[in-house]
Amino acid sequence: MIKAIRNHFAFKVLIAFFLVAILSGVILAAVMNLSIASTYNKHIGHLMSNDGQQQGGQSGSRGSTLYENFKAAVNESLLFSSIAAFVIAGILSILISRQITKPLISITDASQEIAKGNYNQRVQVTTDNGDELAQLGHSFNSMAAQLEQTENMRRQLIGDISHELRTPLTAIKGSMEGLIDGVLSSDETTYMHIYQEADRLQRLVEDLQELSRVEGGAFRINKEEINVDKLLHDALTPLINTFNKKGVQVSIHSEKNLPSVTANHDRIFQVIQNLLGNALQFTPENGTIEINAKKVGAFIHISVKDSGAGIEANHLPHIFERFYRADRSRSRQNGGGSGIGLTIAQSLVEAHGGKIWADSEGKGHGSTFTFTLPV
């Protein structure tokens, strides 16, 4: 118990105040006692000497008695004043130490609650003068808010993954139960349906692994000089038959004499194909997709513009979040994708020192995805 009190910050502050007060009192008493004789002789002793010359031999004994009485009176007064000063200093020390330690106690209590998983805890910052305690309180609240946001994202991610995995697993389980019960015929159509669902499940797991590596920085970016126009044509070539089959016209428009960029070829190739695949999903038959590249300042801007469904303004800030879909009716089965392709693209672009964003005039007016790479 005594050890706990001694280790308490408020007790340490209180002891510091008392030590300062006691040391000040000791110095005051010592200096007073050392200087009291000279002070007495200067102000009172010479009067007694003059009086002694007039009245004879009794002046010495009277002067000595007066000096002793004077010294006793001064020390007695010093004692009473010291007691009063210590009492007042003690009261003020308690009040000041409580005021100093109150926000620290609040932060300690809040940190213990956060350690238990209550991430909504905040401390009340009572001072607005920007002192160290106020800065500590603001920093703690900022940290708590980040932890709460991270925890919410973790919970949402677990829920989203569970939902995404449940869909193909339910389809596979239902088909297998139908085969076992004899409800479904064991023909090529049934097996193809099971295979497609398993394939979707595999792609989702691979996307999640890729997202984990990208966001965790568990991959190396071996940069090289890349010709932008050639990269765009290389990314489009594997998809051209798919675009033609759907009747979507694709064109590439690159500025002349575009400078090369220093980037990882495979990763930027992946970003462009991701944007092209996303545009293909949301562009109807006989639609158009334009790929543009131009130099703006110290960056190359690459954009993929489609004439598809478009994105409403309230969805644009969230379009790169995990599993976010502007159109909730589009599931993975009918072309909605896994919902993390754009998240991966954003992480890859930012790892190269660039930015990525989406623009759209609204539903039915198409959308444009643009990312930048430093020259």
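This is a predicted model: local features need pLDDT of at least 70, side-chain atom pairs count only at pLDDT 80 or more; totals for chains, interfaces and linings use all residues.
Student: What is the mean pLDDT of the protein, and what share of its residues reach 70 or more?

Tutor: pLDDT is the predictor's confidence in each residue, from 0 to 100. Here the mean is 79, and 78% of residues reach 70 or more. Residues 328-336 have pLDDT below 50, and beyond near neighbours in sequence this stretch has 22 contacts in the model, a contact being heavy atoms within 4.5 Å.

Residues are numbered from 1 along each chain as its sequence is written, and side-chain values use heavy atoms, leaving out hydrogens and water.

Student: Where does Thr372 sit in the secondary structure?

Tutor: Helices (H or I, at least four residues) and strands (E, at least two) are DSSP runs, numbered from the N terminus. The protein has nine helices and seven strands, and Thr372 lies in strand β7, residues 367-374.

Student: Is Thr372 buried or exposed?

Tutor: Buried means under 20% relative accessible area, exposed over 50%, and partly exposed in between (1.4 Å probe, protein chains only). Thr372 is buried because its relative accessibility is 6%. Across the protein's 375 residues, 30% are buried.

Student: Which residues does Thr372 touch, not counting those up to four places away in sequence?

Tutor: Thr372 touches Phe299, Ile300, His301, Val349, Gly354, Lys355 and Trp357. As for Val296, 76 residues from Thr372 along the chain, the two C-alpha atoms are 9.1 Å apart.
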